[in-house]
Structures are given as C-alpha cells and as structure tokens.
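The tour goes stop by stop.

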Amino acid sequence: MSDAARPADSVGMEVFSNRLLSITEVMAIHMMKSSFSAQIKERRDFSVGIFDAEGRLLAQGTHIPLHLGSLLGAVETTLARVALSEMRDGDSFICNDPYLAGGTHLPDIAIVTPVFHAGAIVAFVANIGHHTDVGGVVPGSIAAGAKSIFEEGIRLPVVRIAQDWEVDPNLLAVIAANSRLQDERALDLRVQVTVNRLGCEQTRALFERMGVANAQAAVQDLLAYTTHRLIRHVAALPRDRCTFESWLDDDGIGGAPVKIVATVWHDGGVLNVDFAGTDGQVAGAMNVSENALRASVYYCVKALLDPDLMPNSGLFDAVRVMVPPRSVVSPHFPAACGARSITCQKVARAVFGAFRGLLPAEHVIASSNDVLPVISLSGSHPDSGAYYVYAEAVGGGAGATGHHDGMDAVQVHVTNSLNLPSEVLEIEFPLLVEEYGLAVDSGGSGRHRGGLGIVRQLRILCDDTVLSVRSDSHKFGADGVHGGGMGAGGALTLHENGNIRTMPSKVDAMALSAGTVVRFATPGGGGFGPSHTRAAAALARDLKNGVVTREAAAKDYGDVLKVADDMDV
C-alpha cells in the first residue's frame with residue numbers, strides 16, 4: 001500500500017513524536033551536565049535534533065530556535081558531501097561554516113552522527129554547541145566590525161571527527177589550537193560526540209521496538225500532519241498583503257542604519273515571506289546566512305499561527321521564503337556573519353509586524369527588545385595566568401499584548417539561553433558584579449506596559465582586560481501597538497576616574513584598566529493600547545515595586561497616576 005493510500009495512525013504518530021522529543025531531552029540533559037564551558041553548562045547555549053535517513057528534521061529539543069538553521073544545514077551538507085555508503089556505525093562529522101556547511105556563524109559547531117540498524121542508516125542525530133572562542137580577531141570570536149568571515153575564526157567544512165566512536169586526536173588538536181581556550185574546546189567537542197552516541201543508542205532502540213517499517217510510516221504521518229495542520233492555519237488568514245520594516249542601528253562598523261523589510265501574504269495554503277526592499281549586504285558582521293534566515297522565519301510562523309506545532313520538516317513545505325540577492329539577509333561570500341543573531345531578531349520584528357495586518361487584534365503583540373546584546377570581557381586570570389573569556393547574551397523586555405504586560409528581563413524570539421548567575425561569574429572570572437537588575441522605566445507605556453530591560457554593571461579587577469560588545473536598538477526602540485508607547489533603547493557606558501563615557505552599541509577589542517566600571521542596559525518592550533486606559537491598580541503596583549518612577553508615570557499616565565496614588569496595593 002502506498003503512503004498516499006495508507007490510513008494515518010494518529011496514535012502511533014503521537015507516541016513516536018513524543019518519544020523522539022524525550023530522546024532529545026535526554027541528550028540535552030547530558031550535554032548540559034557534562035560540558036565544561038559556562039556557555040553550555042550554565043547558559044545552555046546549545047541544541048539537539050533527530051533527523052530521518054533523508055535528512056528531514058523530526059524533532060528539535062526545546063532550546064534555541066535559531067539553532068534550527070544550523071542543525072538543518074549541518075545534516076543537509078553532511079548528506080551532500082558524504083555518501084551514505086561511506087558512513088559507518090560510530091562515525092561522527094563536524095562542521096560550522098555558513099558557506100561551506102550550512103551553518104549560521106562559526107562559534108556554533110555541529111556534530112552529526114548516523115544511526116544504524118541492521119547495517120543500514122535509519123536516522124541521524126545532531127547537536128550544536130556555542131563555543132566561547134574559535135579564534136578570530138577578538139576574544140569570543142564575534143566582532144560586529146569584522147569585514148569578512150576570515151576574521152571570525154576557524155572554518156570547518158564537513159569533516160569526519162570520529163570513527164568507531166573514537167575522536168580523531170589530530171583534528172581535535174587543530175581545532176583546539178585555533179582557540180584561545182584550547183582545553184575547553186577539546187573537552188566540549190568530546191562531550192558533543194558522546195552525547196550523539198547516547199542519542200544514537202536511544203533512537204536505534206526506538207526503531208527496533210517499533211520496527212523499521214512502522215517507524216518510517218510514523219515519520220511520514222508526522223511530517224504530513226504538520227504540513228496539513230499549518231496549511232489550514234495559513235488558508236484561514238485574510239487575503240491581504242502586509243508589509244513591515246525594522247531597523248538595525250548600523251552595519252556593524254558605525255555606518256548608516258540598515259533597513260529590513262518583510263512582506264507576508266498567502267496563496268491558498270502556502271505562506272509567502274518576501275524580503276524585497278531590504279538593504280544590501282553590509283560591511284560588518286550583521287549579515288544573515290540562508291539557514292539562519294530560514295530558522296528565523298519558521299520560528300515566526302510557528303509562534304504566530306500554532307505555537308504547539310512540532311518543529312519538524314513538515315512545517316517547511318507550507319512556507320516560501322524569498323530574498324533579494326546580495327542583501328543583508330542573503331549575503332555573498334565572504335561576508336562576515338558572526339553577529340547574525342541581532343539581525344535575526346530584527347527579521348523577527350519585521351515578520352511579526354507584518355502579521356499585525358493578518359491576525360485578530362487580540363493576537364497582536366508590540367515589538368519586544370528584539371536584539372541579542374552580548375558583552376564579552378577577556379584577559380589573563382590573575383590567579384592561574386590562564387586566558388579567560390567571559391561572554392554573556394543578556395535579555396531585555398518583551399512586548400505587551402492585549403491581555404497582559406510584556407515579560408521583564410527575558411530573551412525573545414530566536415534566542416533562549418539563560419543568564420550567567422552572578423555567583424558563577426565572580427567565581428570564574430576576575431570581575432565584580434556591582435548591579436544586576438531591571439532597567440527602571442524601560443518598558444513602553446500603555447494599557448499594558450512593555451517588559452523591562454536588564455542592567456548589568458561590572459567592575460574590572462585586572463589591567464589589560466579586553467571589552468567587546470555587540471548590541472543594537474540604541475537608536476530604534478521597540479514600537480508599541482494600538483497607541484502603546486515605545487520601549488526605551490539600550491545603553492552602554494564606561495565609568496573611569498569619575499568620568500562617564502557613552503559608548504556606541506558595538507565595541508571591538510577595547511582595552512580597559514582595573515577599576516573601570518562597565519554598565520550595560522538592554523532595551524525594553526513596546527506598550528499595548530493608550531496609556532490613559534491603564535488600570536490604576538497596575539500602575540500603583542509598578543510604583544510600589546520601583547519599576548516605574550513617579551516622574552515617568554506623571555509624563556506617561558497623567559490622571560491615572562492621581563487615582564493610583566489613592567490606592568493601597
């Protein structure tokens with residue numbers, strides 16, 4: 001019986017799907033607990049996935065949406081470069097390059113491993129870890145001002161890194177030698193290979209338990225179900241063509257603002273997302289590779305139309321992405337891509353904004369901080385003499401909705417890593433945390449206010465500490481909707497010898513002296529609805545909690561403040 005004629009087994013599909021998810025969670029737990037770098041073990045900047053023998057995504061762990069692009073690219077390129085007949089049980093392949101291996105930026109290193117059953121490949125497991133340093137012109141390997149990918153670190157095409165589960169020591173040594181943190185690179189890569197071995201064993205056991213034919217039937221059912229479910233959502237949208245634009249502060253090296261345009265419409269059950277009108281490829285590292293763009297768009301569609309939909313390749317068949325060539329969302333080799341996550345957040349802002357014309361009013365959301373600000377400090381540790389790199393992606397405010405205020409101090413859209421606890425930061429690095437809290441008054445005003453950004457203030461304890469920052473939204477705050485106010489932008493200041501210096505949103509390899517204080521504030525989210533319609537009790541709570549000052553409340557809320565002053569909350 002053909003797949004088209006065979007009745008779908010909805011129960012078997014659901015059991016299969018959830019079992020795959022459970023395998024990804026087991027892989028994720030082992031990767032988090034076994035890794036050595038703070039990026040993976042504390043901040044959980046990694047992802048895992050399971051693919052079928054054709055390279056179609058079946059399940060991605062609930063971690064970093066943007067990593068969907070790297071996972072897809074790594075598996076697709078592995079299949080394109082290595083014949084199935086050349087793969088053996090116990091092999092693993094490594095890659096990271098946006099142009100050679102479908103990656104999104106060089107610090108995200110992928111490991112892909114075939115799953116064998118009865119001598120044949122039935123699936124692949126893959127994982128990605130963000131490695132704190134892979135070489136390049138700045139510690140941390142992400143310089144917003146990099147002008148080509150050759151400045152961003154070691155480039156890895158698809159290469160076999162393990163045979164019979166034994167890691168190639170020579171290849172590992174080459175990769176580690178290109179990092180400022182050699183031991184950490186070698187150890188984390190070994191963990192990645194081991195995690196895939198665990199994933200292989202459990203995926204193989206699943207296929208054995210179900211039987212290969214039944215498992216393959218469940219794969220077809222799962223992908224078809226996902227496609228048809230999304231097509232129904234798309235077909236129910238209005239037949240309008242809606243456009244929205246978002247802006248980057250600059251091109252990564254201090255140039256003019258960069259425009260990103262998204263136009264959304266549908267042809268029956270196919271959703272079109274067109275980036276025509278987007279500015280051209282930029283000189284700095286803000287460019288977005290193909291797979292990073294795909295992952296960003298797929299995330300938006302899933303989040304807006306069906307948040308419970310499984311992230312798998314069935315989703316992709318109902319979405320068509322169009323890009324202008326040699327643009328910031330479709331760069332030409334060797335354009336730098338290291339800071340692509342900031343641009344991906346602006347892509348999400350543009351797509352979310354375009355959907356405002358297609359969704360019911362109650363489903364519309366104000367813009368969020370829509371940036372992934374990263375601060376990096378590095379140097380020689382005074383106790384051990386070893387080189388260290390502190391790098392942290394800091395959250396911000398989420399946009400308000402028609403039902404509630406925006407969330408405070410969260411990462412949004414395509415990123416989902418955790419903060420680095422202050423205790424861990426001070427133990428591992430020669431830095432003192434002087435402040436870590438909410439950025440007061442940063443949320444846009446409205447019936448529901450935008451979420452608040454974060455303030456991180458660090459004192460440098462050693463001379464010759466190197467500062468690098470990649471951020472954005474210092475010039476363009478998060479827009480509100482239906483009369484809501486704009487969220488505050490980000491800010492970066494240096495406090496030295498009694499002087500305060502305001503810095504741009506991007507800094508590459510700036511040397512600082514001991515005693516210098518770095519203050520880093522992230523943007524807030526936009527508000528929803530006119531501020532004069534805010535509930536007085538909600539404003540009173542904000543005042544009591546110290547997240548809105550009286551000065552801001554008087555300016556933004558007017559008569560509502562008078563009522564709030566008479567309330568006991």
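Which strands does helix H5 (residues 182-210) lie across, and at what angle does H5 run to E4? Select H5: the helix lies across E1, E3, strand E4 (108-117), E5, E6 and E7, running at about 30° to E4. Angles run from 0 to 180 degrees between N-to-C directions, with axes fitted as lines to C-alpha atoms, for helices over the stretch in contact. Contact means heavy atoms within 4.5 Å. Helices (H or I, at least four residues) and strands (E, at least two) are DSSP runs, numbered from the N terminus.

A note on the source: this is a predicted model, in which local features need pLDDT of at least 70 and side-chain atom pairs count only at pLDDT 80 or more, while totals for chains, interfaces and linings use all residues. Residues are numbered from 1 along each chain as its sequence is written, and side-chain values use heavy atoms, with hydrogens and water left out.

**The seven-stranded sheet**

Show the strands next. Seven of them form an open sheet in the order E2-E1-E5-E4-E3-E6-E7, with antiparallel pairing. E2 and strand E7 (166-167) are at the edges with a single partner strand each, so one side of each has no neighbour in the sheet. Two strands count as paired if DSSP finds at least two bridges between them.

**Strand E1**

Select residues 46-52, strand E1.

Go to the partners. E1 pairs with strand E5 (residues 120-130) in the antiparallel sense, over seven bridges. Strand E2 (residues 57-60) is joined to E1 by three bridges, also antiparallel. Phe51 stands opposite Leu57 in E2. Then trace the hairpin of E1 and E2, with four residues between the strands. Gly55 in its turn has a positive phi of about 85°.

**A loop residue**

Is Leu237 buried or exposed? Select it in the loop between helix H6 (212-235) and strand E8 (242-248). Leu237 is buried, with a relative accessible area of 9%. Leaving out residues up to four places away in sequence, Leu237 touches His266, Leu271, Leu305, Phe355, Leu358 and Leu359. Leu358 is 121 residues from Leu237 along the chain, yet their C-alpha atoms are separated by 6.2 Å.

**The four-stranded sheet**

Show E13-E12-E16-E19. In that order, these four strands form an open sheet with antiparallel pairing. Strand E13 (387-393) and strand E19 (506-512) are the edge strands, each pairing on one side only. From one strand to the next, the twist averages 10°. Inspect strand E12 (residues 374-380) and strand E16 (residues 465-470): five bridges pair them in the antiparallel sense. Ile375 stands opposite Val469 in E16.

**Last stop**

Select Val569, in the segment after helix H12 (559-565). Val569 counts as partly exposed, at 34% relative accessibility.

Definitions and conventions:
Buried < 20%, exposed > 50% of the residue type's maximum accessible area, 1.4 Å probe, protein only.
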